Amino acid sequence: MNVDVTALPGIGVRKDFEVRSGRRIGVVAHRDGGIDLIVSQRDDPDACIAQVPLSPDEAAVLANLLGAPQLVQQLREEHSDLPGITTRQLSISGSSPYRGRMLGETGMRTRTKASIVAIMRAGQVQPSPGPDQVLDSGDILVVVGTPHGLDAAARILADG
C-alpha cells in the first residue's frame with residue numbers, strides 16, 4: 001500500500017493513503033506538533049469531509065488500537081499449531097495499579113505462566129520488554145499463554 005506524503009507549506013505534512021472505497025485517510029502533522037486525522041472526499045483528495053484534531057495522547061491510543069490487532073493476529077497465526085496457547089492484547093488503564101511501575105513488579109510470568117512478548121506504545125512496538133520497562137496508561141501488552149493464564153494476567157493488570 002502506498003502512503004503519499006505531501007508538504008503543506010506553513011502548516012506541516014500530510015500523509016495519507018487510498019482505502020478500498022476510494023477515499024483517502026491520513027494524518028496532518030502540524031509544524032507546532034498538532035495532529036489531525038483526516039478523511040477526504042471520494043473524488044477530491046484535497047477536500048476533507050472530516051478532520052479530527054488529536055492530542056498526542058489520543059494519537060498514541062489510536063495508533064495502538066490500529067497496530068496491536070495486527071501484531072496479535074500475526075502471533076496467533078504463528079502459534080496456531082500449538083494447542084492450548086493463545087495470544088491476547090491487554091491494556092494498562094489509568095486506574096491500573098501497575099501504571100507508572102516496572103513490568104517486573106507485576107510478577108506476571110511467575111504468577112500466571114503467561115509471557116508479555118511486546119508492548120505497543122504510541123504506535124510503536126517494543127518487542128521483548130525487560131522487567132525494568134515502566135508501564136504507562138494506554139500501553140497495550142501483547143501476552144502469550146493459556147486462556148486461564150491470560151484471564152489471570154488481565155485480572156492482575158486491572159486489580160493488582
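Helices (H or I, at least four residues) and strands (E, at least two) are DSSP runs, numbered from the N terminus. The model on screen is predicted: local features need pLDDT of at least 70, side-chain atom pairs count only at pLDDT 80 or more, and totals for chains, interfaces and linings use all residues. Residues are numbered from 1 along each chain as its sequence is written, and side-chain values use heavy atoms, with hydrogens and water left out.

**Stop 1: the largest pocket**

Select α1 (56-78), together with β2 (12-18), β3 (24-30) and β4 (35-40); each supplies at least two residues of the lining of the largest pocket. A pocket here is an open set of points on a 1 Å grid over the protein atoms alone where a 1.4 Å probe fits, with protein on both sides within 12 Å along at least five of seven lines; lining residues have an atom within 4 Å of a point. The volume is about 570 Å³, taken as the space filled by probe spheres set on the points, which are joined across faces, edges and corners. Of its 21 lining residues, F17, V27, L62, A63 and L66 are the closest to the centre. The largest share of the lining, six residues, comes from α1. Colour the lining by type: 14 residues are nonpolar, five polar and two charged. In this count Ala, Val, Leu, Ile, Met, Phe, Trp, Tyr, Cys and Pro are nonpolar, Asp, Glu, Lys and Arg charged, and the others, Gly among them, polar.

**Stop 2: salt bridges**

Next select D4, R14, D16, E18 and R24, which a network of salt bridges links. A salt bridge is a side-chain nitrogen of Lys or Arg within 4 Å of a carboxyl oxygen of Asp or Glu. D16 pairs with R14 at 3.6 Å between the closest N and O atoms, and with R24 at 3.2 Å, N to O. D16 and R14 are both buried, as is R24; buried means under 20% relative accessible area, exposed over 50%, and partly exposed in between (1.4 Å probe, protein chains only).

Move to E105 and R101, whose closest N and O atoms are 2.9 Å apart in a salt bridge. E105 is partly exposed because its relative accessible area is 37%; R101, at 31%, also counts as partly exposed. The whole structure holds seven salt bridges.

**Stop 3: the largest nonpolar core**

Finish with M108, I116, L135, L141, V143 and L157, which have the most contacts inside the 15-residue largest nonpolar core. Such a core is a set of buried Ala, Val, Leu, Ile, Met, Phe, Trp, Tyr and Cys residues joined through side-chain atoms within 4.5 Å. β7 (115-121), β9 (140-145) and α3 (147-159) each supply at least two of its residues, and α3 gives the most, four.
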